[in-house]
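Me: I would like to learn how to read the features of a protein model. Please take them one at a time.

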Amino acid sequence: MSARPTTPAARAGLVADTALALLAERGMRGLTHRAVDDAAGLPRGSTSNVARTRQTLLELAVRRLADREERVLALQDLPAPREGADALLDALALTVHRALTQNRDLTLARYELALEATRRPELRAHFDTAGARFRTHLTALVTALGSPSPDRHALTLIAWADGLLLSCVAGSYHAEPPTIPDIRADLGEIIGGMLGTRSAPRSAPGSATPS
């Protein structure tokens with residue numbers, strides 16, 4: 001295990017990351033202050049010092065989830081539409097594939113928190129605020145692509161991605177997630193339909209292995 005964090009910010013980060021890992025591994029019932037202490041290798045009571053109540057622990061996990069998913073998705077670093085549809089589709093497909101594979105546990109934790117937010121109105125606001133980061137980036141992207149209805153099209157893309165992730169991370173397709181070229185083909189068809197254009201599906205470049 002790494003050295004024990006020495007600053008409040010580092011300790012809060014460790015607690016939040018451990019909470020997300022526990023959510024993915026054990027589900028909501030497995031997330032307790034004591035479980036976080038034990039899994040993180042912290043003295044008993046450390047998690048309570050960072051997040052006194054279960055609600056504050058969940059809020060901490062939601063904020064950390066948003067930060068980590070923003071880094072994974074990195075929408076602000078995607079190629080600009082002016083660089084061409086091929087480059088943009090390659091990058092979007094790789095981003096979705098990462099969420100399906102190397103960041104699978106983070107995706108599982110998000111679904112656990114999303115379901116809990118439906119039962120905790122006080123958590124709902126935090127979850128929605130965190131999710132707005134992604135929605136804002138995606139709406140700006142489809143606007144730049146020339147969408148005549150960016151809010152509706154952003155929702156369509158988010159719904160498609162969420163459905164794919166749920167089916168392939170926790171649903172009946174968990175054993176056979178789609179390849180990057182398959183995801184790219186889907187995105188090309190969806191975005192092409194939105195914009196009234198055709199983007200011919202093709203295999204992503206050989207360098208498209210998740211990094």
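Me: Which residues lie nearest the centre of the largest pocket, and how many residues line it?

Reply: A pocket is found on a 1 Å grid over the protein atoms alone, as an open set of points with protein on both sides within 12 Å along at least five of seven lines; lining residues have an atom within 4 Å of a point. Here 40 residues line the largest pocket, and L73, R110, F134, I158 and D162 lie nearest its centre. The model is predicted: local features need pLDDT of at least 70, side-chain atom pairs count only at pLDDT 80 or more, and totals for chains, interfaces and linings use all residues. Residues are numbered from 1 along each chain as its sequence is written, and side-chain values use heavy atoms, with hydrogens and water left out.

Me: What volume does the largest pocket have, and which elements give two or more residues to its lining?

Reply: A volume is the space filled by probe spheres set on the grid points, which are joined across faces, edges and corners. For the largest pocket that is about 870 Å³. Two or more lining residues come from each of α4 (54-73), α5 (85-100), α6 (104-117), α7 (121-145), α8 (150-169) and α9 (180-195). Such helices are DSSP runs of H or I, at least four residues long, numbered from the N terminus.

Me: How many of the lining residues are nonpolar, polar and charged?

Reply: Ala, Val, Leu, Ile, Met, Phe, Trp, Tyr, Cys and Pro count as nonpolar, Asp, Glu, Lys and Arg as charged, and the others, Gly among them, as polar. The lining of the largest pocket has 26 nonpolar, six polar and eight charged residues.

Me: Is L73 buried or exposed?

Reply: Buried means under 20% relative accessible area, exposed over 50%, and partly exposed in between, with a 1.4 Å probe and protein chains only. L73, found in helix α4, has a relative accessible area of 19% and is therefore buried. Apart from neighbours within four places in sequence, L73 is in contact (heavy atoms within 4.5 Å) with T95 and F134. L73 and F134 are 61 residues apart in sequence, yet their C-alpha atoms are 8.4 Å apart.

Me: How do α4 and α7 cross?

Reply: Two packed helices are described by the angle between their axes and the distance between the axes. Axes are lines fitted to C-alpha atoms, for helices over the stretch in contact, and angles run from 0 to 180 degrees between N-to-C directions. The axes of α4 and α7 cross at roughly 10° and come within 9 Å. That makes the two helices, α4 and α7, roughly parallel (under 35 degrees; over 145 is roughly antiparallel, 65 to 115 roughly perpendicular and the rest oblique). The residues of this contact divide into eight nonpolar, three polar and five charged.

Me: At what angle do α1 and α2 pack?

Reply: Helix α1 (residues 8-26) and helix α2 (residues 33-40) pack at about 105°, with their axes 9 Å apart. The pair α1 and α2 is therefore roughly perpendicular. In this contact, L14, V15, T18, A19, L22 and R26 of α1 meet A35, V36, A39 and A40 of α2. These residues divide into eight nonpolar, one polar and one charged.

Me: Which residues of α2 are buried, and what covers them?

Reply: H33, A35, V36, D37 and A40 are buried in α2. Their cover includes α1, α3 (46-50) and α4.

Terms used:
On a 1 Å grid over the protein atoms alone, a cavity is a set of points where a 1.4 Å probe fits but cannot get out, and a pocket is an open set with protein on both sides within 12 Å along at least five of seven lines; lining residues have an atom within 4 Å of a point.
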